[in-house]
Amino acid sequence: MLIALSIIGGFIILTFGAEALVRGASAIALRLGIAPLIIGLTIVAFGTSAPELAVSVKSALAGNPGIALGNVVGSNIVNIGLILAVTALIRPITVHSQMVKRDIPIMISASIFVWFLLLDGDVSFIDGAILFSLLIGYLVFSYISSKNNPEEVDIDTKPQNPLLSITLIAVGITMLVGGGILFVNGAVDLAKQFGISEVIIGLTIVAIGTSMPELVTSVMAALKGQSDIAIGNVVGSNIFNVLGILGATALIHPVSAEGFNEIDFIAMIIFAIMVLPFAWSGFRIGRREGAVLLAGYLGYTSYLVMQVV
């Protein structure tokens with residue numbers, strides 16, 4: 001009963017948190033003259049990735065590296081194969097040319113780079129420092145690029161009190177973190193009752209649970225007609241997961257790849273690569289592309305289930 005309440009309660013909190021975050025971030029973008037795409041790639045993406053950060057750091061410190069790394073790898077797969085897919089199925093997503101030329105290739109490069117770092121079996125302190133430094137560089141570059149391209153700013157949100165906008169963002173992120181952790185704790189407890197391994201839990205239950213903020217936020221942004229925030233949230237979250245979350249976690253405690261199958265990392269890279277041609281074709285990810293991504297995710301999930309059985 002408590003497990004069910006934890007899962008349901010977490011999802012409800014996530015829903016309200018996502019609504020507050022999208023409203024606040026959209027208003028900030030309008031007031032500061034920053035492109036909604038950059039807001040989606042940074043504030044919204046990092047805010048919705050807060051549960052992944054909390055869970056990964058907590059898992060690493062508790063001696064559960066399988067959950068820590070599985071959370072990052074699994075979340076990146078879920079973000080594209082499930083969240084981007086479902087969002088596109090609900091409402092086709094318009095993709096900005098900057099996303100295709102810069103941010104998606106960066107997401108792909110980050111995914112390949114972290115796989116390279118894991119060839120020696122773990123992400124060390126030095127590896128973590130490199131990853132986190134790359135994140136800082138990406139943030140600075142994104143901000144400068146946004147200010148040099150003011151024509152990108154195009155948002156219909158009405159101006160509102162800046163204090164209210166900041167409050168909405170803070171409340172939204174807080175609710176996303178709290179709701180995400182509540183959801184994950186319930187889901188993990190449920191999975192452990194069935195004797196599922198730590199790695200599988202990290203790649204599936206925890207990954208889906210911590211990615212619920214991205215799902216709710218992207219769907220709501222798409223329904224509001226804010227495609228930049230919808231796809232920016234997914235791509236930005238994937239970049240932040242690899243460079244920020246894995247980097248920060250490794251700075252606190254080395255992250256081991258023990259128990260992981262190479263297929264999991266390959267799947268993460270393949271999903272990242274698939275987004276590029278889909279987005280390049282007409283700068284739009286439609287329902288057909290969403291269906292292909294979802295089919296790929298269901299296939300990968302079926303493979304994981306077979307490992308358990």
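In this report, a residue is called buried when its relative accessible area is under 20%, exposed when the area is over 50%, and partly exposed in between, using a 1.4 Å probe and protein chains only. By that rule Y300, at 7% relative accessibility, counts as buried.

The model is predicted, so local features need pLDDT of at least 70 and side-chain atom pairs count only at pLDDT 80 or more, while totals for chains, interfaces and linings use all residues. Residues are numbered from 1 along each chain as its sequence is written, and side-chain values use heavy atoms, with hydrogens and water left out.

**Two helices**

Helices (H or I, at least four residues) and strands (E, at least two) are DSSP runs, numbered from the N terminus.

Helix α10 is largely enclosed by the rest of the structure, because 24 of its 26 residues are buried. In α3 the buried residues include A50, P51, E52 and V55. Just after α3 comes G63, with a positive phi of about 80°.

**A bend at N241**

Where does α10 bend? The helix bends by about 40° at N241, the bend being the angle between axes fitted to the seven residues ending there and the seven starting there. N241 itself counts as buried, because its relative accessibility is 0%. Contact means heavy atoms within 4.5 Å. Leaving aside neighbours within four places in sequence, N241 is in contact with S49, E52, V72, S75, N76, N79 and L246.

**The nonpolar cores**

A nonpolar core is a set of buried Ala, Val, Leu, Ile, Met, Phe, Trp, Tyr and Cys residues joined through side-chain atoms within 4.5 Å. The largest one has 79 residues, and L69, I80, L84 and I285 have the most contacts inside it. Helix α10 gives the most to this core, with 12 residues. Another core lies apart from it and has 5 residues, among them V55, I67, V188 and V206. Back to L84: again leaving aside neighbours within four places in sequence, its contacts include N79, I231, V234 and I285.

**Pairs of side chains**

A salt bridge is a side-chain nitrogen of Lys or Arg within 4 Å of a carboxyl oxygen of Asp or Glu. The count comes to 1: D103 pairs with R102, with the closest N and O atoms 3.2 Å apart. D103 is buried, with a relative accessible area of 0%, and R102 is buried at 11%.

Rings of Phe, Tyr and Trp (its six-membered ring) pair if their centres lie within 6.5 Å; planes under 30 degrees apart count as stacked, over 60 as edge-to-face and the rest as tilted. A search of the whole structure finds 1 aromatic pair. Y300 and Y303 form this tilted pair, 6.3 Å centre to centre with 35° between the planes. They are separated by about one helical turn, because they sit 3 residues apart in helix α12 (residues 287–308).

F283 is not a glycine, yet has a positive phi of about 50°. F283 lies in the loop between α11 (262–280) and β4 (284–285) and is partly exposed at 32% relative accessibility.
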